[in-house]
Amino acid sequence: MADLNARKRGKKWEYRFEAAKIDGKRNQISKGGFSTKKGCLEAGAKALAEYNRSGLKFSPTEISISDYLDLWFDTYCKMSLKYRTQEIYLGIIEKHLKPAFGHYRLASLNVTVIQEYVNKLKLDGLAKNTVVGIISTFSGALNYAVEPLKYIQFNPCDRVKYPKYDKKEDEVRHIISSNDFNRILNRFDNHSHFYIPLLIGYHTGLRISEVFALTWDDINLKERTLTVDKITVKRNYGVDVRQALKKKGKKEEKSAWYFGSPKTSSSIRSLKFGDTLHQALKQLKATQLKNRLEYGEYYTDIYKKPELDEKGNTIFRLIEIEHGIPCDLPVVNLISVRENGQFISTDSFKYCSRVIHNELHIDFNFHSLRHTHATILVENGADAKSVQERLGHSDIKTTLQTYAHNTEAMENKAVEIFEKSVLSTT
């Protein structure tokens, strides 16, 4: 550490200390004009501490966890994470982490206090996935404090043990049987604007945000392929994500639907589809053209307006304008629209899910279609790598561990393979 020196120059005092060399040459920081040696040394000590902290306005040994979480969110999360992930992390920070740990100093945090908190969450009845989500967020923040910031030497979350949980029914991923899926389509037939999203989910395994972002430019009816290169995401505009959280559910909340980038680079993909979906898409395209002609100037066109997000990246807000009103923005020909061309969002699909639950009594969410699609493929011998690429997973372990569950059909097939192998050797 650099030494602080003071010397008298005429009637005034000056402090001086060594700074980092520049181009191999000695570099000193100094300031004069102090009336007393004591005042000079005090100012010099503050300047040296400020220099050693690289301009930070706090000492890492003194910062509270509350302030540190704000720092982590502003310097890392905003610039590195997708908007929806930012919302989730900020919710966890404000609702869970700050109330529990905000008053502690970052440097004094230990494994015991985190372990006690984890145990309490379990006793309070929180699901394992919820507890893991909270602690994983905290762990991510503390990892950043270890590297690259070097505020603490190790992450205490690494030593925390999760309590044992009994597996509950609501943690099981549900597979939609062919009979149940037909019941769903009978309830939401080809006259419903949920019919095509249901078919796409079941026949391709796309995520719900990917399905509702599909445009006709993404569909090649001749080759029977579709391309996934964007998602729809609801986000507040014109305000910081913290302000969006404060205004959530209030009248002054300003939100809109945007095109966003897919979950990972592996999510950008092209995949083939079969005759059932092909025929349905052909019929839909003809129906939409008919509707456009019938509504005329009152048909709703959807445009994309470029804006900058918190990272400085270009994003596109979806704007609805009647066809009779001129607009210079690029038109977006979405597949999932209402009869009059209005946008259908993933929020709208919640109604469909409620009906399937309450009227048809089927355990369902849109992700069940993705899970079902993958399971059907694996049951019938599809190559795991092909399933991974079809689903857009970056890691094949995710495909095998999350979606390829051991169904009764797979068990029977395993027994059959074993029996044939044994018989062939006797």
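**Reading the labels**

Modeller: Let's start with Thr 215, which touches Lys 230, Phe 259, Val 332, Asn 333, Leu 334 and Ile 335, leaving out residues up to four places away in sequence. Keep in mind that this is a predicted model.

Biologist: Where does Thr 215 sit?

Modeller: Thr 215 is in the loop between helix H8 (208-211) and strand S4 (219-220).

Biologist: Why is Thr 215 called buried?

Modeller: Its relative accessible area is 6%. Buried means under 20%, so Thr 215 counts as buried.

Biologist: And what makes Val 378 partly exposed?

Modeller: Val 378 has a relative accessible area of 24%. You'll find Val 378 in helix H12 (residues 366-379).

Biologist: How do you know that helix H7 is largely enclosed by the rest of the structure?

Modeller: Nine of the 10 residues of H7 (residues 195-204) are buried, so the helix is largely enclosed. Among those buried residues are Tyr 195, Pro 197, Gly 201 and Thr 204. Just after H7 comes Gly 205, with a positive phi of about 75 degrees.

Biologist: Why is H3 called roughly perpendicular to H5?

Modeller: The axes of helix H3 (residues 83-101) and helix H5 (residues 128-146) come within 10 Å and cross at roughly 85 degrees. Angles from 65 to 115 degrees count as roughly perpendicular, so H3 and H5 get that label.

Biologist: Which residues meet there?

Modeller: On the H3 side they are Tyr 89, Ile 92, His 96, Leu 97 and Phe 101, and on the H5 side Gly 133, Ile 134, Thr 137 and Phe 138. That contact divides into six nonpolar, three polar and no charged residues.

Biologist: What makes strands S7 and S10 a pair?

Modeller: Two bridges join S7 (residues 255-260) to S10 (residues 314-322).

Biologist: What sheet do they belong to?

Modeller: An open sheet of four strands, in the order S6-S7-S10-S9, with antiparallel pairing.

Biologist: Why are S6 and S9 called edge strands?

Modeller: Strand S6 (231-236) and strand S9 (300-308) each pair on one side only. From one strand to the next, the twist averages 40 degrees.

Terms used
Residues are numbered from 1 along each chain as its sequence is written. This is a predicted model: local features need pLDDT of at least 70, side-chain atom pairs count only at pLDDT 80 or more; totals for chains, interfaces and linings use all residues. Side-chain values use heavy atoms; hydrogens and water are left out. Buried means under 20% relative accessible area, exposed over 50%, partly exposed in between (1.4 Å probe, protein chains only). Two strands pair if DSSP finds at least two bridges between them. Axes are lines fitted to C-alpha atoms, for helices over the stretch in contact, and angles run from 0 to 180 degrees between N-to-C directions. Contact means heavy atoms within 4.5 Å. Angles under 35 degrees count as roughly parallel, over 145 as roughly antiparallel, 65 to 115 as roughly perpendicular and the rest as oblique. Ala, Val, Leu, Ile, Met, Phe, Trp, Tyr, Cys and Pro count as nonpolar, Asp, Glu, Lys and Arg as charged, and the others, Gly among them, as polar.
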